[in-house]
Amino acid sequence: MSDGGDGASVDVVVIGGGGAGLAAAATATEHGASVLLFEAEPDLGGSTRLSAGLFTAAETSVQRGLGVEDSADRFYQHYMDLNQWMLEPGLVRAFCENTGPTLEWLIGLGVEIPARTSGNAHTPGLSQAGVEDVWRGHVPRDQGEGLVAALAAACRRGGVETVLNTRVERLLFEDGRVVGVVADGVEVRSGAVVVTTGGLSRDPELLKEHYPAALAAGEHGFVVAAPGSRGDHLRFAGQVGASVTGSGWGLLLPTVYFQRMHHWQSGFPPVSRVYVDGSGRRFMDEDASYAVSAGIIDSRGGSAWCVFDERARLSLPPGYADWNPGRVLEEAEAGRTLRADTPRELAALMGVPADALQVTVDTWNDALPHGRDERFRRHLTLRNKGYEGTPDPLGPGPYYAARILPAELVCTHAGLEIDSRAAVLDRTGTPVPGLFAAGEAGAGVLGLRYVGGGNAVANALTMGRIAGRGAAPRG
C-alpha cells in the first residue's frame, strides 16, 4: 500500500471479511491488485464461517466423479424456473456459469470435497441440497471453517492487508465515482471498492423495512447470521445513489417454538413425527427442503403443529440444546408443548377436529412405518438423506404437539443491485464507477426462492470472485 497525498492509496478496498470479501480479495490479488480488507468484527469469516460450507454448483469434477451429468445451462433453467423468472437472466446466467469454476478454484486452494454421496450437509461429498433436478450440494471437509481457512490463506499468500475491528463509515464519492472509503475517520483512497458486508439480519429496523416476514415469529424468532450483518451496504447505497433490490426476500427456516440455535446445536426433531395444520390434517413431507418448507407452512396460516409420541421423545439423542428428551419433557410439564394420552384428546388441546387428527395418525401409521408414503413421498426424501430403515409408528401415548413456524432467520436478500460483473448499479441502471458488491450485500442472485442448501455460500464466493476480478486494474 503506497502513501498518497490524501491518505493511503491501494488498488482495491474490500469492505467485509466474510466468504464474499475473502473471495474478492484473493481473486483481486491474483489479477495483480494491491488489496486492503476491512472487517468490523474481531475475526474473519462472517456468516460463511458459521455455515456448513455447503456449496451449490453445476458441472463439477465431484459430480463427474459420481457419474452425475449436469451443465450450467441446466442449472440456469432450473434456477430461473424456481424463481418464476423474477430475477435478471444475465446476472443469474453469469452466476450459474461460474459456480463450477469457483468450486474448482476452491479445490485448488486446498478445500476437500470427496466424490462420494452425502446424506446431509455435514458429511463431505455430494448431497441433495434442496429441490434441484440433479444433486448440486457440495459439502466440504471442515464445513464453513474449512472454506474460510482456505480463503484466508489465499489472501495471505496474495499479500492482502487485513484490518480487523474496523467498521467503514462511508464511501468516498467524487465526480460520480467511488474513490475509496472512510474508516475510523481516516480516508483510504482506492481504484475500486468491493462491498461485502453481509446482510441486514441483525438490524430490526432494516428488517421491518426490507424483510418484515422475519419479524412475524415474534418472541419465537432468532437469527443465526453473523453479528456483523447490520445492513451497512444499504447505508452505502444512499451515499452514492445506488439502486436497492431484493426487498421482501430472504431465508427463514421452520423450527419449533422452543428452538433458539441452528440445528447442529439445537438438534433435530424425531424422525417419527407428523406436521398437522389447523384442520387436523397432514399437509407436507416433514423432511421437505427448507427451500420450500417455510412457504408451505406459510400457506397454512403461518404455523403448524409438530406431532410425535413418547417413543419419539425418548429416541432423541442427548447432547443437543433443544431437541433432547429432557427439554421436551420440561416444555410439556410447563404446558407450552401440548401433551395428551390419545390423538383425540390431543386434538382438543390443539383446537383441531378430533376425527381428522385420528385419521391423520392412522394414515401415517399405515404408510411410513411400512416404507411408503404415496401422498407426500417422504420415504424418498428419507432415503436421499441416507436414513436406513423405516420410522416407528406413532403410538401408544402420550402424544405431544409443538408449534412449528418459520422462525430461524438465516439470510436476507435485499442489497445493492449488481450486474453480471458484480458492478453496483445506480437508480437509472447504470454502473457506479469504482463500486462492486457481492454476497448478501450484492443483490439479484438470491431471490424469491432459496434454491437449496449452499445457495448463499455459492452466491457469496462466486460473485465475490467475479467482483474481485472486476475491481482489479487488470481484471
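Guide: One term to begin with: buried area is the accessible area, taken with a 1.4 Å probe, that two parts lose on being put together, summed over both. Keep in mind that this is a predicted model.

Visitor: OK. Which domains is the chain divided into?
Guide: Domain 1 covers 9-202 + 413-471, and domain 2 covers 253-408.

Visitor: And what area is buried between domain 1 and domain 2?
Guide: About 890 Å², with carbon and sulfur atoms giving 58% of that. In terms of contacts, 17 residues of domain 1 touch nine residues of domain 2.

Visitor: How many salt bridges are there across that interface?
Guide: The rule finds zero between domain 1 and domain 2. Three residue pairs are in polar contact there.

Visitor: How far apart are the domain centres?
Guide: The centres of domain 1 and domain 2, taken over C-alpha atoms, are 35 Å apart.

Visitor: Which strands does β17 pair with?
Guide: Among them is β13 (residues 250-256), which runs antiparallel to β17 and is joined to it by seven bridges. β15 (residues 304-309) is also antiparallel to β17, with six bridges. β11 (residues 222-223) pairs with β17 in the parallel sense, over two bridges.

Visitor: What is the bridge partner of leucine 253 in β17?
Guide: Glutamate 408. Phenylalanine 222 also has glutamate 408 as its bridge partner in β17.

Visitor: And alanine 340, what does it stand opposite?
Guide: Alanine 340 stands opposite tyrosine 399 in β17.

Terms used. Residues are numbered from 1 along each chain as its sequence is written. This is a predicted model: local features need pLDDT of at least 70, side-chain atom pairs count only at pLDDT 80 or more; totals for chains, interfaces and linings use all residues. Side-chain values use heavy atoms; hydrogens and water are left out. Two strands pair if DSSP finds at least two bridges between them. Helices (H or I, at least four residues) and strands (E, at least two) are DSSP runs, numbered from the N terminus. Domain bounds come from an automatic or database domain assignment. Contact means heavy atoms within 4.5 Å. A salt bridge is a side-chain nitrogen of Lys or Arg within 4 Å of a carboxyl oxygen of Asp or Glu. A polar contact is a pair of N or O atoms within 3.5 Å; within protein, one must be able to donate a hydrogen and the other to accept it, and residues adjacent in sequence count only if both atoms are side-chain atoms.
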